[in-house]
Amino acid sequence: MFSNAPDPRSRPTPSQALQALIDGNLRFAEGRPRRPHQDDAHRRALTGGQHPHAVVLACSDSRVSVEILLDQGFGDLFVVRTAGHVLDRSVVASVEFAVAQLGVSVALVLGHESCGAVAAAQRYLADGHDLPGSMPALVEGVRDHLDPEDPSHDAVARHVRGTITDLTAGSALVREAQRSGLLSVVGGVYGLGDGRMVLVQD
């Protein structure tokens, strides 16, 4: 199933890949980013193919620039962004592509403080307030992850954990990669104020 992916011996282990993201965020938050792999030579070297070490499912929020806040560069991350990191078929397929075809070692679901999609779901649960157009799909993708008795309780972290559960439940490819020890699926919450990513515990 993973025949098109790079040889596991040539890529970082899941723990190494995750540590690279943690270290990169720490550099960013402390104001000492290295900005790796952003030079002309590296960009040109990637014209023949890509070998990212992680796929990141993140929110489309303009304040959550994934490569910047994780201090990564060209070719390091395969990034999938939707408002509220809400899953749909194309999002799951994109993550599966990164896992099965590109051989990433980590799948990171990255939420963030003050997420508008989470806030909309909280309002819906509190008073039935809905969004216009097709935007109710965002609420539908979040609300079941929240505490119905107290939608504000640990809301972003709960949504991150719920997204991980839905992703692994809905993708045999992701589950197989996990079972094989080739992939780690983790969650984090990014703080807009301090710039730090805190890993979400199960």
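Axes are lines fitted to C-alpha atoms, for helices over the stretch in contact, and angles run from 0 to 180 degrees between N-to-C directions. This report applies that to a predicted model.

## Helix pairs

Two packed helices are described by the angle between their axes and the distance between the axes. Two such pairs are listed here.

| Helix pair | Axes come within | Crossing angle |
|---|---|---|
| α5 (residues 116-127) and α6 (residues 136-143) | 8 Å | roughly 80° |
| α7 and α8 (residues 172-179) | 5 Å | roughly 95° |

Take α7 and α8. Their axes cross at roughly 95°. Angles of 65 to 115 degrees count as roughly perpendicular, so α7 and α8 are roughly perpendicular to each other. On the α7 side, the contact is made by T168, A169 and G170. On the α8 side, A172, V174, R175 and Q178 take part. By residue class, this contact of α7 with α8 has three nonpolar, three polar and one charged.

Now α5 and α6. This pair is also described as roughly perpendicular, because its axes cross at roughly 80°. From α5 come A117, V118, A120, A121, Y124 and L125. They meet V139, V142 and R143 in α6. Eight residues of the contact of α5 with α6 are nonpolar, none is polar and one is charged.

Helix α7 covers residues 155-170, which makes 16 residues. At 1.5 Å a residue it should span 22 Å, and its end C-alpha atoms are 22 Å apart, so the two values agree. Its buried residues are A155, V156, A157, H159, V160, G162, T163, I164, L167 and T168. One of them, T168, also belongs to the contact with α8.

Helix α4 covers residues 89-100 and has twelve residues. From its first C-alpha to its last it reaches 16 Å, close to the 16 Å expected at 1.5 Å a residue. V91, V92, V95, E96, A98, V99 and A100 are its buried residues. What do the buried residues of α4 pack against? Their partners are β1 (54-59), β2 (77-82), α7 and α8.

Most residues other than glycine have a negative phi, and most peptide bonds are trans.

H37 is not a glycine, yet its phi is about 55°. H37 sits in the loop between α1 and α2 (40-45). With 35% relative accessibility, H37 counts as partly exposed.

S114 has a phi near 60°, again in a residue other than glycine. S114 is in the loop between β3 (106-112) and α5. Is S114 buried or exposed? Its relative accessible area is 55%, and exposed means over 50%, so S114 is exposed.

## Two buried residues

R11 lies in the segment before α1 (14-29). Its relative accessible area is 15%, and buried means under 20%, so R11 is buried. A polar atom of the R11 side chain lies 2.4 Å from the backbone oxygen of G103.

Y190 is placed in strand β4 (residues 184-190). At 5% relative accessibility, Y190 counts as buried. Which residues does Y190 touch, not counting residues up to four places away in sequence? They are F28, R63, V64, L69, L110, G111, H112, E113, G195, R196 and M197. A41 is 149 residues from Y190 along the chain, and the C-alpha atoms of Y190 and A41 are separated by 31 Å.

Technical notes
Residues are numbered from 1 along each chain as its sequence is written. This is a predicted model: local features need pLDDT of at least 70, side-chain atom pairs count only at pLDDT 80 or more; totals for chains, interfaces and linings use all residues. Side-chain values use heavy atoms; hydrogens and water are left out. Helices (H or I, at least four residues) and strands (E, at least two) are DSSP runs, numbered from the N terminus. The expected span of a helix is 1.5 Å times one less than its number of residues. Buried means under 20% relative accessible area, exposed over 50%, partly exposed in between (1.4 Å probe, protein chains only). A polar contact is a pair of N or O atoms within 3.5 Å; within protein, one must be able to donate a hydrogen and the other to accept it, and residues adjacent in sequence count only if both atoms are side-chain atoms. Angles under 35 degrees count as roughly parallel, over 145 as roughly antiparallel, 65 to 115 as roughly perpendicular and the rest as oblique. Contact means heavy atoms within 4.5 Å. Ala, Val, Leu, Ile, Met, Phe, Trp, Tyr, Cys and Pro count as nonpolar, Asp, Glu, Lys and Arg as charged, and the others, Gly among them, as polar.
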